[in-house]
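I opened the notebook to look up a few local features of one chain. The entries follow in the order I worked through them.

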Amino acid sequence: MTTQLRATFVGLLLVAAVLVAAVTVTRHDSTGSTDQTGMAAPVHSGIATPVRVGPYVALGDSYTSGPRIPAQTGRPAGCDRSDHNYPAHVADQLDLRPSDIRDVSCSGATLADLTTPQSTKQGTNPAQLSAISRSTRLVTLGIGGNDIGFSDMITRCVTMGTAFKVLDRAKDMSSHDSPCRESYTDNGIDSAEKRIAGLGAKYTSTLRDIRRRAPEARIYVVGYPAILPAGTTGCGRRLPLAPGDITYLRDKENELNTMLKDQALSTGATYVDTYEASRGHDACAAESTRWIEPIVPSNPAAAVHPNARGQRGMAKEVLRAIRAAG
């Protein structure tokens with residue numbers, strides 16, 4: 001191996017290590033960051049509050065909890081909850097009393113963590129469904145990405161994308177512009193697609209469990225916002241991906257959101273589409289307009305996760321769904 005090639009591969013290994021630390025930080029890391037976003041506080045939308053809209057219970061993973069968005073609050077600290085995440089905005093704009101909001105979302109949460117305690121490096125989060133009771137009137141559920149290993153997929157695809165861009169300079173790689181997709185496909189079977197399909201029955205069971213615990217609650221399943229832009233151009237160093245893998249990851253997110261929508265509708269819950277509203281505000285958008293931060297965030301937020309602007313945008317869609325329901 002030449003000195004140049006040896007240096008290239010060492011560099012790739014370092015990139016992979018950084019990406020693993022950055023993208024998976026939401027499983028256990030809590031920085032307690034208090035940096036300010038410089039953004040104005042949310043203004044009440046004028047939405048008429050339905051009769052007995054609370055108590056409200058917010059369930060979910062890191063896209064709900066808001067890791068690294070100031071100010072981090074709640075217990076355990078390892079759940080990385082922000083007081084400016086979308087549940088906080090929803091509760092504020094519905095004029096709920098502090099005693100009528102229970103945000104039990106937690107970074108790294110899967111469906112299993114809804115019914116069993118979740119351990120973090122900074123404490124244990126009780127089973128999220130334990131926060132629900134017969135008096136609960138509003139539930140939001142934003143979860144599923146960790147069940148299909150989406151953070152790991154992004155880490156792998158970005159690492160392979162970095163390698164692709166280096167090797168592409170040396171030889172023609174146009175016939176293999178989706179190295180990550182190829183790594184998830186065996187004999188024509190897409191393992192990510194298989195995991196999404198297998199999650200459907202578990203999601204249905206979860207929604208029925210919520211209904212059983214809170215028979216009078218309105219249940220809203222919150223989908224994931226757009227992480228990647230349309231097309232195959234990517235966003236360079238912000239989120240280095242091979243052209244075909246941009247499409248692949250975008251397709252997998254859309255498949256996940258479609259599954260969430262189908263399960264919500266089949267159980268009488270309401271699906272909240274945050275994807276359409278976030279188009280053009282993905283991780284490749286300008287710093288001043290994006291909802292999702294890239295690998296190296298420039299706004300206070302975890303890598304490849306919603307920032308404060310994104311959480312406000314998601315809250316707006318939840319509130320829109322609540323208003324439409326009357």
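I took buried to mean under 20% relative accessible area, and exposed to mean over 50%. The model I looked at is predicted.

**Aromatic pairs**

I looked up the aromatic pairs and got a count of two. One is Y63 with Y224, an edge-to-face pair at 5.3 Å centre to centre with 70° between the planes. I placed Y63 in helix α2 and Y224 in the loop between β10 (218–222) and α7 (243–266), so this pair links distant parts of the chain, 161 residues apart. Y63 has a relative accessible area of 8%, so I noted it as buried. Y224 is buried as well, at 7%.

Y184 and Y248 form a stacked pair, with centres 6.3 Å apart and 25° between the planes. I found Y184 in the loop between α5 (179–183) and β8 (185–186), and Y248 in helix α7; the two are 64 residues apart, and the pair again links distant parts of the chain. Y184 has 9% relative accessibility and therefore counts as buried. Y248 is buried because its relative accessible area is 4%.

**Backbone**

I then checked the peptide bonds. P70 and A71 are joined by a cis peptide bond with omega about -10°. A71 lies in the loop between α2 (62–65) and β2 (72–73). I also noted a cis bond from R75 to P76, with omega near 0°. P76 is in the loop between β2 and β3 (81–82).

Which loop holds D80? I found D80 in the loop between β2 and β3. D80 has a positive phi of about 60° and is not a glycine. Its relative accessibility is 1%, so D80 counts as buried.

D95 is another residue other than glycine with positive phi, near 55°. I placed D95 in the loop between α3 and β4 (101–103). Is D95 buried or exposed? It has 54% relative accessibility and therefore counts as exposed.

**Helix α3 against helix α9**

I looked up how α3 (residues 86–93) and α9 (residues 308–324) are arranged: their axes come within 8 Å and cross at roughly 50°. That angle makes α3 oblique to α9. I recorded the crossing as right-handed. On the α3 side I listed Y86, H89, V90 and Q93, which meet Q311, R312, M314, A315, V318, L319 and I322 in α9. The residues of this contact divide into seven nonpolar, three polar and one charged.

How values were computed:
Residues numbered from 1 in each chain as written. Predicted model: local features only at pLDDT ≥ 70, side-chain atom pairs only at ≥ 80, totals over all residues. Heavy atoms only, no water. Axes fitted to C-alpha atoms, helices over the stretch in contact; angles between N-to-C directions. Helix = DSSP H or I, 4+ residues; strand = E, 2+ residues; numbered from the N terminus. Parallel < 35°, antiparallel > 145°, perpendicular 65-115°, else oblique. Left-handed = near helix turned anticlockwise from the far one by under 90°. Contact = heavy atoms within 4.5 Å. Nonpolar A, V, L, I, M, F, W, Y, C, P; charged D, E, K, R; others polar. Buried < 20%, exposed > 50% of the residue type's maximum accessible area, 1.4 Å probe, protein only. Phe/Tyr/Trp six-rings, centres within 6.5 Å; stacked < 30°, edge-to-face > 60°.
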